[in-house]
Amino acid sequence: MATHEITSENFEDVIKNNELVFIDFWATWCGPCRAFGPIFDKASENNADIYFGKVDIDKQQELANQAGIQAVPTLMIAKKGHIVYQQAGALRAPDLDSIIEQAKKLDVEAALSEAQQQEQQA
């Protein structure tokens, strides 16, 4: 499966209407982004069950600001409508593969329940 362009207009729909979403925030002038791009694209081909999107921060500055992007590349992951991961830095293919497997196994409801319990205890 190819990657999809994500914009301010479709961001919320993509997050809400797909079980698992990986988003690469990138820029054309960014060397690490150019290195990570093919790794991200290859992962999208190998994981057809995941929605892979890309956000060009220069074209989508408002979205990048709303998402709190301070460095590129930044990988964001959403599962069942919730942002579950956001980390800046280019990843090697084995590291991205590991994150993909962890995201697939993540029980979002259990994680949210645990977080709520911790908030109540604090």
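Which residues touch the most other members of the largest nonpolar core? They are Ile6, Ile23 and Phe25, in a core of 20 residues. Please keep in mind that this is a predicted model.

**Nonpolar cores**

- In soluble globular proteins, nonpolar side chains tend to be buried together.
- Leaving aside residues up to four places away in sequence, Ile6 touches Phe11, Val14, Ile23, Tyr51, Gly53, Lys54, Val55, Gln60 and Leu63.

**Salt bridges**

- The model has 5 salt bridges, and three of them are described here.
- Glu12 and Lys16 join their side chains in a salt bridge, with 3.7 Å from N to O. Because these two residues are 4 apart in helix H1, about one helical turn separates Glu12 from Lys16. Glu12 and Lys16 are both exposed.
- Asp24 and Lys54 form a salt bridge whose closest N and O atoms are 2.9 Å apart. This pair links distant parts of the chain, with Asp24 in strand E2 and Lys54 in strand E3, 30 residues apart. Here both Asp24 and Lys54 are buried.
- Asp49 and Lys104 form a salt bridge too, with 3.6 Å between the closest N and O atoms. Distant parts of the chain are linked again: Lys104 lies in helix H4 (residues 93-105) and Asp49 in the loop between helix H2 (31-46) and E3, 55 residues apart. Lys104 has a relative accessible area of 32%, so this residue counts as partly exposed. For Asp49 the relative accessible area is 54%, which means that Asp49 is exposed.

**Helix H4**

- The 13 residues of H4 span 19 Å from the first C-alpha to the last, close to the expected 18 Å.
- Leu96, Ile99, Ile100 and Ala103 are the buried residues of H4. They sit on the same side of H4 because they cover an arc of only 105° around its axis.
- These buried residues pack against E2, H2, E3, E4 and strand E5 (82-88).
- Gln102 and Lys105 are exposed residues on the face of H4 that is turned away from its buried side.

Key. Residues numbered from 1 in each chain as written. Predicted model: local features only at pLDDT ≥ 70, side-chain atom pairs only at ≥ 80, totals over all residues. Heavy atoms only, no water. Core = buried A, V, L, I, M, F, W, Y, C linked by side-chain atoms within 4.5 Å. Buried < 20%, exposed > 50% of the residue type's maximum accessible area, 1.4 Å probe, protein only. Contact = heavy atoms within 4.5 Å. Salt bridge = Lys/Arg side-chain N within 4 Å of Asp/Glu carboxyl O. Expected span 1.5 Å × (residues − 1). Arc of directions from axis to C-beta.
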